[in-house]
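Please read the following briefing alongside the sequence and the model shown here.

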Amino acid sequence: MTRKKIIPLALASLMLCGAASAQDQVVRIGLSGPLSGANAFAGKDNENGVRLAIEELNAKKGAAVGGKTLRFELMSEDDQGDPKAGVIVAQKFADAGVRFVLGPYNSGVAIPASRVYNDAGIVMSTVGTNPKITESGYGAVFRIVASDTQVGSSVANYAAKQLKLKNVGVIDDRTAFGQGIATEFKRQAKAAGMTIAAHEFTTDKATDFAAILTALKSKKVDAIFFGGYAPQAAPMARQMRQLGLNARLLGGDTLCSPEMGKLGGDAVGSNVLCAQAGAMLEKQAAGPAFQARYKARFKQNPDVYAAPFYDQTMFIAQAIRSASSLDPSVVATAMHNMSHKGVVGNYAYDAKGNLKTSTVTIYTFKDGVPVPLASY
């Protein structure tokens, strides 16, 4: 074949490729989370869940709107787990034309950012558990896991009924998440007949808890409920052992992570119990296959929220197809009126954007890894 013939063929091939790509409609999915700092492990896990969903959606090429095949793109931004940074990220997404956002991870970030997303007409799907997130009347804000009310009460009921605990201390880190879940735990613990010996406070940057723990030890507590995150809970468990404080350490979903075992070492075992929204992943029909795909793609096991982030991304794509629209308000309405069978459970939302039903699973630790005890 002569050079003159090769060039027209190459040009024709390029033109065909261009025509094919011109038929694609790009849909940007934003991810807002702590991609740096102490909770970066959680932010990256969330991001991986969304990334895996997007890659699978693009591979199938099954979604189309207005005759154009949808091509999903991930735009990740580090909100540092900081409310001010989260608002800046939200505005950046709005300016970039992002229509759907997964995150924020932290309740304290989700609460102020939700207003920006609402004003910009963006669908926001968060794992922030503070009840305030869905109390603003924003029609396109979804909480993709159980709230503090459900998680806090599950821990309290398990502690009272199964562990027979009587005298409990509470510590919270003064974040919106920590305060919210500690408040719900206290409310339900009292209703279940437990005594709250004291309620102490720390921060989400603290590493020394000796004074607080010593005060609680003097009150002979059976357990300590910590409203906070794994980077503080793990050293807290170590210091409890060092002080001879033989009490259980209880917490919410943010403690249900291998990061607890990694940071806490042998101080984290059956003495630590936490509650995580969702059913036991490995016991769900599609759970093991998801775990295998995740590990093959990212060379590690999924952490706490990879599966819910994956599921919600898939739900958004399903709602887009169902509504045959990329208008976030239309898609949000569709999501309120339909359901999605995900890897870790069924997703169906009430008018406020809360899950209509949500399983909560109690975990403890063995060999540094969370292992399920019971689901409610």
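Leucine 249 has valine 272 in β11 as its bridge partner, and this pair belongs to a predicted model, in which local features need pLDDT of at least 70, side-chain atom pairs count only at pLDDT 80 or more, and totals for chains, interfaces and linings use all residues. Residues are numbered from 1 along each chain as its sequence is written, and side-chain values use heavy atoms, with hydrogens and water left out. Helices (H or I, at least four residues) and strands (E, at least two) are DSSP runs numbered from the N terminus.

**The seven-stranded sheet**

- Strands β10 (residues 248-251) and β11 (residues 272-277) run parallel and are joined by three bridges; two strands are taken to pair if DSSP finds at least two bridges between them.
- These strands belong to an open sheet of seven, ordered β8-β7-β9-β10-β11-β14-β15, in which the pairing is mixed.
- Because β8 (195-201) and β15 (369-375) each have a single partner strand, they stand at the edges, and one side of each is left without a neighbour in the sheet.
- On average, neighbouring strands of this sheet are turned by 25° against each other, direction ignored; axes are lines fitted to C-alpha atoms, for helices over the stretch in contact, and angles run from 0 to 180 degrees between N-to-C directions.
- Helix α5 (residues 148-161) packs on the sheet and touches β9 (223-227), β10, β11, β14 (360-366) and β15, its direction making about 60° with that of β14, where contact means heavy atoms within 4.5 Å.
- Helix α8 (residues 230-242) also packs on this sheet, touching β7 (167-172), β9 and β10, and its direction makes about 165° with that of β10.

- Two bridges pair β2 with strand β3 (residues 68-78) in the antiparallel sense, and alanine 64 stands opposite threonine 69 in β3.

**Helix α2**

- Of the 21 residues of α2, 15 are buried (under 20% relative accessible area, with a 1.4 Å probe and protein chains only), so this helix is largely enclosed by the rest of the structure.
- Just after α2, lysine 61 takes a positive phi of about 50°.

Terms used
Buried < 20%, exposed > 50% of the residue type's maximum accessible area, 1.4 Å probe, protein only.
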